[in-house]
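The chain is shown first, and the entries follow.

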Amino acid sequence: MATRKLNVVFEQYSIPHYRVPFFERLSHEVNLVVVASKDISIDGVLEMDSNLPFSVIRCKENPHGSGFHEEIIDILARHKADIYISYGALLNYILSKPQFVKMIRRSNIKIAWMGCDGYWVRNFWLEKFKRFEPWNPKALYRTLRESCVIRKTDAFICHSSHMAQYFRIVHGVSEKKIFLAHNAIDTSGLLEQYHCFRNQGLKKNFKEIVFIGRLVRSKSIDVLIKAFSKVLQSYPEARLKIIGDGSDRSSLQQLVHDLTISDRVTFCGAVYDAVELGRLTYLASLYAIPGLGGLGINTGMAMGLPIICSYADGTEDDLIRKGYNGWRFDGSEQGLTSALIEALSDQKSLEEMGMRSAGLIERDFNLDGMVRGYIKAINALMA
């Protein structure tokens, strides 16, 4: 007898273009319904809202700004959900309301918390101690409420080892409840291009640095531009290519103008065509991510680039191995300048590190692995 496909309701704020392949793949394994917000616009992100290869329900958000979709309880009931997957901000709201918890438990729906939580934490044990502030009643109440929510959650699908440690150490979550599903995008096309370009002997642009991502303040692209201007003192032939768009683009272009380096910096805009993105990325020698982010690292690695990054979304702890396929820096302009100068000093090492980056994506950090991680968690919840 064929096993019944499980009904999964997956709730998140938006459906960016890079998440569509993941949801499509997951929908082959389960009866999937993706719930997202109506009428949203995220700075520098291409939101997908039509011709999607999986079921989507768009809901208005709670006007109080919690991100809560008031229809979610009805959706769970209507679709006879076995599993409800959401993220911390929403679960903290829903699971602190007794009426919602009662309905979910009465329907025997299992709850999974997913994401990259804890990326801001550097010392887990110190964070565990700091969470309890008896001198701050509001903070103490928030901590106690979150602890209750975490106890009511059945599984934690962690997009990085960092998040897994965060919940295990800081929140005391049992190992049995933690599942690892490394955050990934569909890099199959990029890897195919990488091997194609490499077999063709396509020459890279020596001393060219590339950044891919949204042009917003949290990405710290201004730090990269300022560091690059100092790199030019050591390597005047160096170039910087910035791929992406966002509200900070004009101010970043002004910064480049003010530093008189316009002839060495190219703003490519947002590039969604995989072939064009692959070509632009492959031609560079080094990928830099100066601030918050994560999936851009996967793109650079898939195109055979070594990576320089600071503190991103926690995935860098898994993806970047110092001396093997990249460098880490302390987040400062001086730290990034030093890392860039060191990296650009040895072109042969850059090429070898880039090959290792592509190998890691091919073997370990790809969409297949992410989907497997989710399915493992889903099956364990229903076992």
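Is Lys241 buried or exposed? I find Lys241 buried, because its relative accessible area is 8% (buried means under 20% relative accessible area, exposed over 50% and partly exposed in between, with a 1.4 Å probe and protein chains only).

Basis of the entries. I am working on a predicted model, in which local features need pLDDT of at least 70 and side-chain atom pairs count only at pLDDT 80 or more, while totals for chains, interfaces and linings use all residues. Residues are numbered from 1 along each chain as its sequence is written, and side-chain values use heavy atoms, with hydrogens and water left out.

Entry on Lys241. I located Lys241 in strand β9 (residues 239-243); helices (H or I, at least four residues) and strands (E, at least two) are DSSP runs numbered from the N terminus. Neighbours within four places in sequence being set aside, Lys241 has contacts with Glu208, Ile209, Val210, Phe211, Thr266, Cys268, Leu280 and Leu283, where contact means heavy atoms within 4.5 Å.

Entry on α6. The buried residues of α6 include Ala139, Thr143, Ser147, Val149 and Ile150. They lie on the same side of α6, because their arc around the axis is only 165 degrees; the arc is that of the directions from the helix axis to the C-beta atoms. I recall that an α-helix has 3.6 residues a turn, so residues three or four places apart point the same way. Exposed Pro137, Lys138, Tyr141 and Arg151 are on the face of α6 turned away from its buried side. Among the elements covering the buried residues of α6 are α3 (88-94), β5 (110-115), β6 (155-158) and α7 (161-170).

Entry on α9 and α14. I noted that helix α9 (residues 221-234) packs on helix α14 (residues 333-344) at about 45 degrees, with the axes 9 Å apart. Axes are lines fitted to C-alpha atoms, for helices over the stretch in contact, and angles run from 0 to 180 degrees between N-to-C directions. α9 and α14 are therefore oblique to each other (under 35 degrees is roughly parallel, over 145 roughly antiparallel, 65 to 115 roughly perpendicular and the rest oblique). From α9 the contact includes Val223, Leu224 and Lys226, and from α14 it includes Glu333, Leu336 and Thr337. In α14 I list Gly335, Leu336, Thr337, Ala339, Leu340, Ala343 and Leu344 as buried. The cover over the buried residues of α14 includes β8 (208-212), α9 and α15 (347-363).

Entry on α1 and α16. Helix α1 (residues 20-29) and helix α16 (residues 367-382) pack at about 45 degrees, with axes 10 Å apart. That makes α1 oblique to α16. Pro21, Phe22 and Arg25 of α1 are among the contact residues, as are Leu367 and Asp368 of α16.

Entry on phi. Most residues other than glycine have a negative phi. Lys80, not a glycine, has a positive phi of about 50 degrees; Lys80 sits in the loop between α2 (72-78) and β4 (83-86) and is exposed, with a relative accessible area of 66%. Ser220 also has a positive phi, near 55 degrees, and I placed Ser220 in the loop between β8 and α9.
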